[in-house]
Every structure is written in C-alpha cells, then in structure tokens.
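User: I'd like to go through a structure and ask where its labels come from. Can you set each value against its cut-off?

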Amino acid sequence: MDNTKTPTEKISGDPPTKKPARNRYAFACAILASMTSVLLGYDVAVMSGASIFIKDDLHISDTKLEIIAGIINIYSLIGSIAAGRTSDWIGRRYTMVLAAAIFFVGAIVMGLATNYAFLMSGRFIAGIGVGYALMIAPVYTAEVAPASARGFLTSFPEVFINGGVLLGYISNFAFAGLPNHINWRVMFLVGAVPPVFLAAGVLILMPESPRWLVMQGRHAEAAAILSKISDSPEEAEIRLEEIKSAAGNEERTHGEGVWKDLLLRPTPVVRRVLVAAIGLQFFQQASGIDSVVLYSPRIFEKAGIKSKNQKLGATVAVGFTKTSFILIATFFLDRVGRRPLLLGSAGGMIISLLTLASALLVIDRRAEGEASKAAVGVSIATVLSFVGSFSIGLGPIAWVYSSEIFPLRLRAQGASMGTATNRVMSGVVTMTFISLYKAISIAGSFYLYAGIALCGWVFFYVFLPETRGRSLEDMEEVFGGKGKEMKEEEVAGGVAGGEDRHKNV
C-alpha cells in the first residue's frame, strides 16, 4: 500500500480532493530546458542518413564509418562529466547556454568538413555540447517541477530527443536529392540553427534553479522563483524549507567533496542510489536502441528495402513512432508510476527484439518469395514496435529517475555519472554494430540485445523502487534511508534538520 504524500498533501495532512492544475510557468521552464535535448536526437538521426553519402563522398571504410558515427557518444562523456561541476559552479541556466554554444560550433565544423579528420574534429566539439545538454536538461527540470507533475515534466528531455530524431530523419529525406558532396554537409549545417534560438530563449526567459540558488545562499531569489513554479503559496514555502534542510551547511559550495561522498565513502543509501542510476542508464543503451536509430537504413536494407529513398522514408516512420510513443508516456508517468511503465516497456522490447531477430534470420536463410516477403513485413513492424516500447517507458524513465533520486548536494554530479554511463554504452554499441553483425550476423546481434534487455528487466524489478509522488527531498527514505542510516546520511551530506522537517509535516 502506498502511504507517500506529495507536498500538496502535506499542507493539511489529508489527500487533496482533486489534482492541482498544471503549473504553466513550470511547464514553460521545463519545455525550454528540455529543448536542449533536441541537439542529441538530431545529431544521432541525421548521421544515419548522412553516413550513406559520407561513405561515397569521402571514400571511407565501414570501420571508419561506424567510428565517426558512434564516437560522438564517447566525446559526450567529457561534456557530461564536466557538466556536473560546471552547473554547480556557474548555475544550471548558464550551463545550458554553454551547451548550445559548443554544439553550434561543432555543427559548423562538421558541415564545412573537407576530409575525415576535419569531420572527426567537428564530432568531438559537438559531442562535448551533447554531453552538457544531456546532463543538465533533466536535472534542471526535476529541480523546478512540482512533485505532482515531476514525472510529466522531467520526461520532456526524452520527448525532445525524439523530436530531434524525427527532425534528423526528415532532414535526411529532404536533402538526399542534392549532390553527394553537398547533401550531407547541409544536413549538418541545419543543426547549427536550433542552438542559436535555444541560447537566446534561456537567457531571456528562463530563471535559475531554486535549489542551486539555495546552495549559494540566495534564499530570496529562490523563494521568488518557487512561488511561480509551485502549485500553491503553501507548497512554495514547504519546498523552500525542504531545500534549505537538504542543503544544510553545504550552502555557498560549488561541488567540493561531492566525488568523495559519491565514490570513496558513500552511505548505504547513496550507494544504492548510485547503482540504480548507473544500472538504469547502462541497460537503456546496452539493449541496442541507438543501433536501431543510427543504422535503421542498414537494418531496412537487410530486411529487403534497396532504394535509398525508400530506406530514408522508412526511417522517418521510426522517428514518428518514437515521438508518438514518448508523448503518450509523458501522460502516464505521474498516473501509472515509474515501475509499471518501466517493466512493461522492457518486456515489450524483449519480445520485439526476439521477433525481429527471428524475422531477419528467416530472411538470411531463405530465398526471396512469399515467406521472405512476410518476414520483411514482420521485421519492419518489429523495428517500429521496439522503438515504441522503448519510448513509452525505458527511454524517458532513465532520465526522469536518475535526475530525481540523488540527494541535493550530490544531484548534479551524480546525474552526470549516469549520463556518462549512458554515453559510453551508446558509443560502444554504435561503434561496434557493423562489426558485430558481420561477426555474428544481424539476427545474432538482435538476439544478443534481447538477452541484455532481459537482464535489464530483472535489474529493474529487483533494484528500482517506485518514486511517483515523492518530493526530491524524500528520496533517501524511498531508498531505505530510515533511522540510523538516515542520520548517517544527514551527517555525511551536510543535511541538517531532516528529522524536524518530517515532524513538522
């Protein structure tokens, strides 16, 4: 039985008679912050089509192609790790502006590349920007969202990643008709446009995170922002007091000592939170989603589609499916909860991967004919069901969950470790997919991904508790931080007054 209470319920001690209306200001802040995630989605998807033309224009091998396609995820590791410390130092808001500026430079360099090395340098710059954007968007959104809508609002980064994927696929299809030495360059240069508008929007419209302001001792500014992003004035007061208690004596810090508390001397609660965040991000990517997104033209070619335009058109269907299902997921995160969606999503992925692998195995082993045509249809349908299953659960929840479970002073850098894990695994998967399917067949590759997804399902079931409706400051209790263990964490993390907060609820 779920006895948890949201801040709104804590005001009177009784459940509210109706769900509070959606806070429009918090909604707008979440949208603007999450739009930075468009950068990653666009880059991954646009590379799937651009790689067809890059290979012909620059005369590179499949090995070099899979490296240039997937290496941005490894480069983004630098950005995601640096973003935690950077956002603690200069704030969440200016970190988003920095991410947009870095990606803008990277897109220009990629679009003007004349050779493989030049293109690689552009991937390096863009990758750092992607890493910054991936880490900061869900952290900021979780920190401004009221508990009643945090799952809905914190899923927005994944919504915009999928929106970026769709835009990338559309860009592939729109510019494919240009000459080979121009089309892929235009695809990259178009990616330099969104960062300009994103940076301007953040600077003009977006407030700083109230939790970061409290950590700098700027309580009046934090209170003013909380009054705008909370469901009621009473909730704003409660949230401010909870943030002050969580920040404790760590005010005016810029992240010093956080790595020690995360890695060298974590409490049992922090250790469990860290395992949950890293494990969730690991399985999100290890199950093969970026291989499908990045190499969908090749998968469709293996399934029997030969025309370049038909392959690129089919990838647009992938983009529409991903975007549609993530939009559906946003409305269920705060109604159904994280665990049911996550377990159902992983189950759907396992079934889709097994079916896709079996269909591709039939295509490999049989000559073209009626049965082969049926297998082609099944393989295309299961690619769509796989990305749909991913987007309705595992896709958004990995970011929602890992951004909400860390204690305040550990949140930025803890989330950056989860993001780093995500990017490393994405890089490993995308840089080895072509070599992998040549070694064990494309069917064997998807059987492997299905096995990994099954392991992920078991991990989610065992290690991840439900967090729906809980405030960010309650997460220690959710992960077992009660009694003595709770007090130990309060001492180690500088969290003062935690018991008083619960007594006064």
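Predicted model: local features only at pLDDT ≥ 70, side-chain atom pairs only at ≥ 80, totals over all residues.

User: Let's begin with helix packing. Why are α5 and α6 called roughly antiparallel?

Analyst: The axes of α5 (residues 92-111) and α6 (residues 116-144) cross at roughly 155°. Angles over 145 degrees count as roughly antiparallel, so α5 and α6 get that label. Their axes come within 7 Å, and the crossing is left-handed. As for what sits in the contact of α5 with α6, the residues there divide into 19 nonpolar, 5 polar and 3 charged.

User: On to single residues. How do you know whether Pro 195 is buried or exposed?

Analyst: Pro 195 has a relative accessibility of 2%. Buried means under 20%, so Pro 195 counts as buried. Pro 195 lies in helix α10, residues 193-205.

User: What makes the phi of His 59 worth a mention?

Analyst: Most residues other than glycine have a negative phi. His 59 is not a glycine, yet its phi is positive, near 55°. You'll find His 59 in the loop between α3 and α4 (62-90).

User: And why is His 59 called exposed?

Analyst: Its relative accessible area is 68%. The cut-off for exposed is over 50%, so His 59 qualifies.

User: Where is Ser 441 found, and why does it count as partly exposed?

Analyst: Ser 441 is in helix α21. Its relative accessibility is 27%. Partly exposed is the class between buried, under 20%, and exposed, over 50%, so that is where Ser 441 goes. Ser 441 also has a positive phi, about 80°, without being a glycine.

User: Which residues line the largest cavity?

Analyst: The lining has 16 residues, and those nearest the centre are Leu 40, Ile 161, Gln 285, Asp 290 and Arg 423. At least two lining residues come from each of α3 (38-58), α8 (156-175), α15 (268-286), α16 (289-302) and α21 (408-463). By class, the lining is made up of 8 nonpolar, 4 polar and 4 charged residues.

Technical notes. Residues numbered from 1 in each chain as written. Heavy atoms only, no water. 1 Å grid on protein atoms, 1.4 Å probe; cavity = no way out; pocket = protein on both sides within 12 Å on 5 of 7 lines; lining within 4 Å. Helix = DSSP H or I, 4+ residues; strand = E, 2+ residues; numbered from the N terminus. Nonpolar A, V, L, I, M, F, W, Y, C, P; charged D, E, K, R; others polar. Axes fitted to C-alpha atoms, helices over the stretch in contact; angles between N-to-C directions. Parallel < 35°, antiparallel > 145°, perpendicular 65-115°, else oblique. Left-handed = near helix turned anticlockwise from the far one by under 90°. Buried < 20%, exposed > 50% of the residue type's maximum accessible area, 1.4 Å probe, protein only.
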